[in-house]
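Here are a few quick notes to go with the model, for anyone opening it for the first time. Have it on screen while you read.

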Amino acid sequence: MSTAKTQLACKPADYKSDIKPIWCPGCGDYHVLMSFTRAFAELGLPPEQIVVVSGIGCSSRIPAYTNCYGFHGVHGRSLAVGAGLKVTRPDLTVVVASGDGDGYSIGGNHFLHACRRNVDMTYVVMDNHIYGMTKGQPSPTTEPEFDTALSPGGTGLRPFHPLVIALASGANFIARCFSGEPNETASVLVEAIRHPGFSFVEILSPCVTFRPDEKNWKNLVHPAPVVATDDPAKAARRIMTDDGFNIGILYRGDRKPYAPETGQALVELSELEKEFEL
Amino acid sequence: MPNAQNLSVAFVGSGGAGALTAGSLLLEAAGAAGWQGLLIRTVGPQIRGGEAAAVVRLADHPVESLPDHLDLLIGIDWLNAQRFGAEIEVGPHSLVIGDPRGGEPPKGIAAFGAPIVAIPMKDMAKAIPDGRPNMIALGIAGKLLGLGEPAFLALFEKWFADKGQAAIDASRASLKAGYEAARDLDLGRPIVPPKAGSTQKKWLVSGNEAAALGAIRGGIRFAAAYPITPATEILEWLAPNLAKVGGALLQAEDELAAINMIIGASYGGTPALTATSGPGLSLMIEALGLATAAEIPIVVIDVMRGGPSTGIPTKSEQADLNIAVYGCHGDAPHLVLAPQSVGDCLFTTQWATYLAETLQTPAIVLSDQFVGQNHAIIERPAEIAFLGQRSRAAEAAGEYKRYALAANGVSPMAIPGIRGAQYTADGLTHTERGIPTSGAADHQIQLDKRRDKLERFNYGDHWASIEGTGNLAVIAWGSVTGAVREAIARAAEDGIEVSLIAPRLLSPARPEQFAAALRGKKRALIVEQSHGAQFHRYLRAHYDLPAAVRVLNRPGPLPIKPGEIHRAIKDWRL
Ligand SMILES: Cc1ncc(C[n+]2csc(CCOP(=O)(O)OP(=O)(O)O)c2C)c(N)n1
Ligand code: SF4
Ligand SMILES: [Mg+2]
C-alpha cells in the first residue's frame, strides 16, 4: 500500500455518504454500514478505489450509503456484476453486498459459481432470515416453523446452510459475523478483503420489523471457540455442527484467485483479420 | 435463370460422408480463383453425424441468398436426403450426379425429370488407398465448374496437415479420380470465370466471425459467454482473440450472469459484449432494462433461430424483433440494429458498439442463423472509423451528477478510480445525482433524457439501405435483404422498377427519414421471415405506409428465396 493512499482518507466518516438510509430504526444493517466504513478506514483505501455492488433488498441499499463507487443492480445478480468488474479492473477493491433472499434464493446459482470461480472479491450477506423489503416472507434461511402470510404455519422446510455451501463450492475465506458487534465485524471484513480470492462473510443482521424475535440474537451469539483452519474437512465439521451463532473466521483457504491477464495487447488489431484472408 | 457468372452446387450425404467438408473446400478454392460466394450448411437435428448438405453459390458479385435452383447436385449418398427436399431444389436444367450404391434419390429430384448421372464414388474410393467419396465428389464439382486442380491441392496441404501426408495423398488421388470421372460431362451452360488479377483482396468469413471482429474493432474488450446455437461461434472466436488484444472472456453460469458480468465490466469502463439466441435473450431482458435505466453501454448479439421456446435451434427465423424492441418492462428505449448480410455483420456490430458507447445504452444486434453461421467469400470490408468512445467524467471537486441533463441527453460517466466523482449506478428511478426517488418530476425528467438522447442523435445514412427508384418499395430487414436485392435485380431485367428500403437501425425508429425514403412510393411489399408478421406490425406502429401494402411473411426454417419475392413483385400487376 502506498503512503499516498494511507494519507488520503482514514476516518470512517470519510467513507460515509450524505444520503439518509431508508432502513427502519434499529435495523441491523445500520451497524453493517458502520462496519464497512470502519473496515475501509482501517484498510486506508481511497474511497474511489472501492466499489460496493449489490442487488435488491433492504440490505442491498448499502452502496449509496457509502462514499465509494456503488452499483445497485437487479435482484440476485450482484455477484455476476462484481465478477465482470473485478476481472476487467483488478486494481479496484470489489465488495458485493446482499441479503439472504437476494443471495441465497434468486441469486443462489451465482453464489455457487462465484465460490467456484474464486475471483478476488468479498461477498457480504446480511442475513436476517426473512425478506425484509417485501414485508416478511420466508427466505431460504427462515426457520421451518416461522409463520408468515405467505407460509401460514411455517414453511416446514429445512433452512439452507450458506457457509457449508460456500465451503463445498470453493470459497477461499469463510466467516460469520453479528451486526451488533461492528468492531469485530470490521476486523473480519478487513481480513476478508485482504485475503486473496473469493471471501464470504455472512453477517447476522436482525430485521427488527418483521423478525422482532431477532433482537434476542445479541444474547445468542458467541465467539467461535477455535482459530480459523485451512483444512476444508475440519472446517466442514465445525460449520455443520455449530449452532449457527458461532462468530468469527471459520475457514481460510489458499486457492489461487481467478484472474485472467488483461490490459496488454499482444498483437496489432489488424492481425486479427489475417485468418479470413484468402 | 442461367447466368454465366452465377452457379450453385450442392453436396448431400449422410453423417460422416463429408458433404460439409467438400462444400467448404469448394468455396475456398473458388474464392482463390476470384469468385465471391456463399456456403449454406444445413445439418439434420443430430448434433454429430446425421445427414448434411452443403450448398455453394458462386458469382462475380456479392452472394447474399440461397439460389432458387441448383445447377449441380451431387449425392455422395442419398440416405435421408429427402429431409433437404425443400431447401435443395433441382430444376429442369440441373445436373444431378449420384452413386448408384448410395440409395434412392429423393422423390422431388426424380419428379423434376432432371437426368441423374451415375458415378460410383464409393467403389472408386475403395480403389484408392484411404480414398474418400466426398473428395471424388469435390473433384467432379471442380471439373464441372472449371476450377483448376492446383487450387485444391494447395488447400489439402493446409486443411489436412494434422492428418498427415497419407491423408493429403489420398485426398489428391480421390480428387483426381473425380476430375477424371467428370471429363465428359458438362453443365450444359457456359461458365465465365471471374477475371483473375483484377480482384480485390477477399475474405472467407462467417457472419458470426465477422460480428466478433466488428465488436473488437469497435472497442469491445470484455465478453461473457453462455453457449447457445447458433451464437456460440461468436464467443468461441472472441475467447482467444480478446486475449490477444488485452481483453478477456468469462464463461458465465447462465445468461443472467453473462449479461450482468458485461454490465459490471462496462460500469468499470471496459466496453463489453455478450452473444446469445432467443432463449438467452429472454433471460437477459431484466438486466437490459437495468443497463438502460442506469445508462450503461453494453452490446448483446442475438443470433436468431426458430422460436418460440427451444424452437428450431439450427435454423433461421426473424421472430425476435418484438422481444428485442419491446421486451423490457417500463419505457426502456435502447438500440436495436440488424445486419443485412454476412459481411454486414462486421459493420453493424462495430457500429452498434460505437453507438452503445456514445449513447450510454444497450444495443441489441439482431443477427440470425442464416447470416451468422453461413460462410461467405466477400471483398474485404472497408475499414470504418467507428470506435466506441464514451463521454467520461473527469476528477470532480464539487458535487458530481452522474445523470446530469445535457442538451444531447448524454452525461459524462465517471469510472471507478476517478476521485471525487463517486456515485451509485442505479436501476431505481433516480435524480440527476443518481439518488433513488419516487418523485414524478424526476421520473419524467430521466425518462425524457433517455428517450431524447437516442432520438436526437444523428445516425447518418447507415440507418437503412435505400436503393432503386421504382414506386413499388420492398421493405425488408436483416438477412432477407439479400434475397430481396436479388429479386429486385431480376425484376429490373423484366423491366419492372422496384426500390428497396431496409432499415439497419430498428430502434429508435426514424420517422422523418423513413417518410423521406417512402416519398413517391405508391405500394409497399413487406418481406420477412416471421409467422406473426412482426416486422409489418412494427412498421405500422412507427411509420405511415402507402395505401397499398402486401406482406410476404413466412416462418422459418425455410429461407425466403429470391424467386418467391420476384414472383410476388411480378404478380402485383396494377
Ligand atoms: C426479479 C424480482 N423479483 C422480486 C422482487 C421483489 N423483491 C425485492 S427485495 C426482495 C427480497 C429481499 O430479501 P433479502 O435479500 O433477504 O433482503 P432484505 O430486504 O431482507 O435485506 C424481493 C423478493 C424484485 N425486486 N425483483
Ligand atoms: S424491514 Fe427489516 S431489514 Fe428492512 S429496513 Fe426494516 S428492519 Fe431492516
Ligand atoms: Mg433478508
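**Notes on the model**

1. Start with a pair in chain B: D344(B) and R504(B) form a salt bridge, with 3.1 Å between the closest N and O atoms. Keep in mind that this is a predicted model.

2. Where does that pair sit? Between domain 2 of chain B and domain 4 of chain B, the count is 1 salt bridge.

3. Domain 2 of chain B puts 27 residues into the contact, and domain 4 of chain B puts in 29 residues.

4. As for area, domain 2 of chain B and domain 4 of chain B bury about 2300 Å² between them, and 57% of that is on carbon and sulfur atoms. On the domain 2 side, Q318(B), L321(B) and Q340(B) lose the most area to domain 4 of chain B, together making up 34% of what that side buries.

5. Over in chain A, which residues are the protein donors of the magnesium ion (ligand 3)? They are D100(A) through OD, N128(A) through OD1 and I130(A) through O, at 2.1 to 2.2 Å from the ion. Their spacing in sequence is D-x27-N-x1-I. N128(A) and I130(A) are both buried.

6. N128(A) also turns up around ligand 2, in a shell that includes W23(A), C58(A), G132(A) and F210(A). By class, that shell has 7 nonpolar and 3 polar residues, with no charged ones.

Notes:
Residues are numbered from 1 along each chain as its sequence is written. Chains are lettered from A and ligands numbered from 1 in the order in which they are written. This is a predicted model: local features need pLDDT of at least 70, side-chain atom pairs count only at pLDDT 80 or more; totals for chains, interfaces and linings use all residues. Side-chain values use heavy atoms; hydrogens and water are left out. A residue is near a molecule or strand if one of its heavy atoms lies within 4 Å of it. Ala, Val, Leu, Ile, Met, Phe, Trp, Tyr, Cys and Pro count as nonpolar, Asp, Glu, Lys and Arg as charged, and the others, Gly among them, as polar. Donors are N, O and S atoms within 2.8 Å of the metal (3.2 Å for Na, K and Ca); water is not among the atoms, so sites may look incomplete. Buried means under 20% relative accessible area, exposed over 50%, partly exposed in between (1.4 Å probe, protein chains only). Contact means heavy atoms within 4.5 Å. Buried area is the accessible area (1.4 Å probe) that two parts lose on being put together, summed over both. A salt bridge is a side-chain nitrogen of Lys or Arg within 4 Å of a carboxyl oxygen of Asp or Glu.
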